[in-house]
Amino acid sequence: MRPVAATVLLLKVHLATCALDGDACLYSRGTSVYRDGDVVIGVSFSLYMFLYYTGLFDLKPTKDFVSWQLMPNRYQNFLAFIFAIEQINRNPRLLPNVSLGYEFHNVLHSHLRTLEGSFILLTGQAETPNFTCRRESKSVALLTGASWATVAQIGPLLELYRFPQLTFGAFDSMFMSSGHFPSVYQLAPKDTTLALAMVSLMLHFSWTWVGLVVPEDHKGLQFLSDIKREMDKNRICVAFVKMISTARVSYFFEGQKHNFLARETSPVNVVIVYYDTESLNDINYLIGQHFVTWRVWVTNSQWHADMAGRNFLLDSFHGTLVFANRHEEISGFKNFIETANPFKYPEDTFLMLYWSNIFSCSFSGSDCTLKNCPHNYSLARLPVNRFDTAASDSSHNIYNAVYAVAHALHEMISQQVEVSLIGNKKTVMFSPWQLHFFLKTIQFRNPAGDQVDLDDIKKLDADYDILNFQNFPEALRIMVKVGAFSTHVPYGQELSLSDDMIEWAAGILETPRSVCSESCVPGFRKTPQEGEAACCFDCAPCPDNEIANDTDTQQCVRCPDHQYASHQRDHCLPKSVIFLSFEDPLGKALAVTALSLTVLTALVLGLFVKHRDTPIVKANNRGLSYTLLVSLAFCFLCSLLFIGRPNTATCILRQTTFGAVFTVAVSTVLAKTITVVLAFKVISPDRRIRKFLIAGASNCIIPICSLIQLTLCGIWMGTSPPFIDTDAHSEHGHIIIVCNKGSLTAFYCVLGYLGSLALGSFTLAFLARNLPDTFNEAKYLTFSMLVFCSVWVTFLPVYHSTQGKAMVAMEVFSILASSAGLLGCIFIPKCCIILLRPNRNCLQLQKLNQERKFVTKNNGFNFQEGQTQDPTQAALRLEERYLLICG
């Protein structure tokens, strides 16, 4: 079962297989690379890996290995190291008369073999670590790209000798805060602003629903804490967090656990992947195998595309955005790569293996050199999916690390460090620990122009170039700079980005969106979804007269009183000032009605004046009829005061005129009703009533009632008169100019007084409704008061239930309706008789004669008195009653 599992494993990782059974010479070659010099700088990191049936990774090729893979991106670091060594050796101003050498030891991620390279560096051999076989030590420092976990293993060994160790991997705050490894120096700039830079990118594109993939180590956890804090401050939600184990074998057998690639999470279109050196290949493999082309990957500079040389049309990482540390270009490095080959560096076993695999060269059996391999082949001629000549962050850091050691050596030698003579050659003799003083204080600019400082406290935060990985077709592999991020610029200008230069993932034609819920457009506010993240919400429209003029508004804002919300509720509009004007259709209709009724009242008055001597006009006191008609005309006209733009004068005149003219009208009706009642009481033996009636005592009712009403109006005007007011809430989008009543108590006292007069008139008229019809208009008065009271009783609840112009219109309508009720019920029947049936106006005497004959014929029985009298006396009393009524 173990060989089968290993075979499946090989198919998954796509490692280049190489059967070395016939190439026995390679087994005798070591994997360490050594070049002598006056001073030697050691370097140790992983360049290749071998896969065994046991599932472990070993240090060097042996006969039981089944597959090997040289990692070209790591080999570029080695080339940058050699390039720096050779560049310094050619520089007459830096370490003059001192040559630098180097030795390299491969390190793989195996707990069993991690210390092997360090033992070789310190002792000269791997088998016996408790003593050294070297006669003299030339190694002064160790350069490594190892993570904190690896340093934690090799650090205690190197700390025994206080051996300087320079790391060129990503910056790790643990080295600075722990204090356990004072001999460790970091070349990478601080990446404490990486989380801020990535969040700034999310804000730029309005990505609020983002997934996170981080390695399951302390750096991954630190980055997770930093970016979640920044995301929380900027209201960006974490859709999911996937922790990637650093145990490689667990990926290949349990990759199904990492479901962050599933299509079900398609709303999460943006995923931030934080890479470190140990999780890089595994995450790349998972994403590449699942062919995830619908997502945007945002990552750090530790990421790089694999160098497997695939030539597919599409690539899962096309459109990836990479935050890379900003560096100046290393001059001459690409030319150096072009000239690097196994013939120039025959001691480099890694280059020889890679060369034979890439260019299909073979090995000679005698001296283990390459054959059938043209000398003009070059790494620079390989496609970028095989080897990338652009210097990575790690290459820059290892380049700076070599220069840091060289500058420290230069300072130390310039201070008269002991130089020994071995044979005929001067050799620099010192202990590596002596270099610490100079490494801690060294500051310089490398040949590319970058500032280098090994003091972690003094280091500035890194500036980032935002690179867009464009890989369509797959072999293109162009890193295009589309933006930058720096905290060393004015606030608000940290992020600069050229959106039009970005190529997104395959199939995405415009800037992708990654949100849990679509933004709430202006006019809507966000309402949270219960149990969901803050980025998951529903959109609810703003309440009446409230607006939201921005997207994703938390709370709507109420418009000021002089403004109103637009139909979309996204901005406030100024309210227009309105009132019941004569140009308004309703105001125009009411005005025309008032004038028409006024004209009608004037016509009735003219008709009555013309026929003033007829019995029907004389009945019930024609003087009162004239007074009532005039007061009704003023009632109709006073309604015009309620129409038009209000001012202080009209507001006062409205109420006082209304109260005065209606009091006159209602008191006149009351006087007419009393006249009818008293007319039938004058025939009683009590002559005082007849004298009172003849004296016109009933005419005193009008001035007395009017005086009381005027007194009430005077008190009202003196204490709290009406005034101009505005109503900004009754009608949407309008400010209505209205007349405020001032004192509602006074207003209702005026109405109450009118109501009491109307109720008294109605009661008397109702009691006199059955008196003889010939001289009695009590029925007309009863019905007119019924209409009047009905109108004003209905007015009160309707008045309080309406607002704005409708309230004013209701008041005008009530005035016109009640006045028209009085005019129609009292005078229209009489006008019909005068104009249409004049004979009935003459039949009054005939009815009286018939009544006289009836009394005489029935021996003095009077149906009104209900008793028998002398016939002659009864006839005289009928005559006297007629004369009293008709004048």
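Tutor: Leu95 is placed in the loop between H3 and strand S5 (100-106), where helices (H or I, at least four residues) and strands (E, at least two) are DSSP runs, numbered from the N terminus. This is a predicted model, in which local features need pLDDT of at least 70 and side-chain atom pairs count only at pLDDT 80 or more, while totals for chains, interfaces and linings use all residues. Residues are numbered from 1 along each chain as its sequence is written, and side-chain values use heavy atoms, with hydrogens and water left out.

Student: Is Leu95 buried or exposed?
Tutor: The classes rest on relative accessible area, with buried meaning under 20%, exposed over 50% and partly exposed in between, for a 1.4 Å probe and protein chains only. Leu95 has a relative accessible area of 5%, so this residue counts as buried.

Student: What is the phi of Leu95?
Tutor: Most residues other than glycine have a negative phi. Leu95 is not a glycine, and yet its phi is positive, at about 55 degrees.

Student: Is Asn97 buried or exposed?
Tutor: Asn97 also belongs to the loop between H3 and S5, and its phi is likewise positive in a residue other than glycine, near 65 degrees. Its relative accessibility is 81%, so Asn97 counts as exposed.

Student: Which backbone oxygen does the side chain of Ser378 reach?
Tutor: Ser378 sits in the loop between strand S15 (370-371) and helix H13 (393-414), and it is buried, with a relative accessible area of 6%. Leaving aside residues up to four places away in sequence, Ser378 touches Ile337, Glu338, Trp355 and Phe359, where contact means heavy atoms within 4.5 Å. At 2.9 Å, its side chain reaches the backbone oxygen of Glu338.

Student: How far apart are the C-alpha atoms of Thr193 and Tyr464?
Tutor: Thr193 lies in the loop between strand S8 (184-186) and helix H7 (194-205) and is buried, with a relative accessible area of 8%. Not counting residues up to four places away in sequence, it touches Asp461, Ala462, Tyr464, Phe485 and Thr487. Although Thr193 and Tyr464 are 271 residues apart along the chain, their C-alpha atoms are separated by 9.3 Å.

Student: How are the rings of Phe83 and Tyr399 arranged?
Tutor: A search of the whole structure finds 29 aromatic pairs, counting rings of Phe, Tyr and Trp (its six-membered ring) whose centres lie within 6.5 Å, with planes under 30 degrees apart called stacked, over 60 edge-to-face and the rest tilted. Phe83 in helix H3 (residues 72-89) and Tyr399 in helix H13 are 316 residues apart, so this pair links distant parts of the chain. Both residues are buried. With centres 6.0 Å apart and planes at 20 degrees, the pair is therefore stacked.

Student: How are H22 and H23 oriented to each other?
Tutor: The axes of helix H22 (residues 778-801) and helix H23 (residues 805-836) come within 8 Å and cross at roughly 175 degrees, the axes being lines fitted to C-alpha atoms over the stretch in contact, with angles from 0 to 180 degrees between N-to-C directions. Angles under 35 degrees count as roughly parallel, over 145 as roughly antiparallel, 65 to 115 as roughly perpendicular and the rest as oblique. H22 and H23 are therefore roughly antiparallel.

Key:
Polar contact = N/O pair within 3.5 Å; in protein donor to acceptor, adjacent residues only side chain to side chain.
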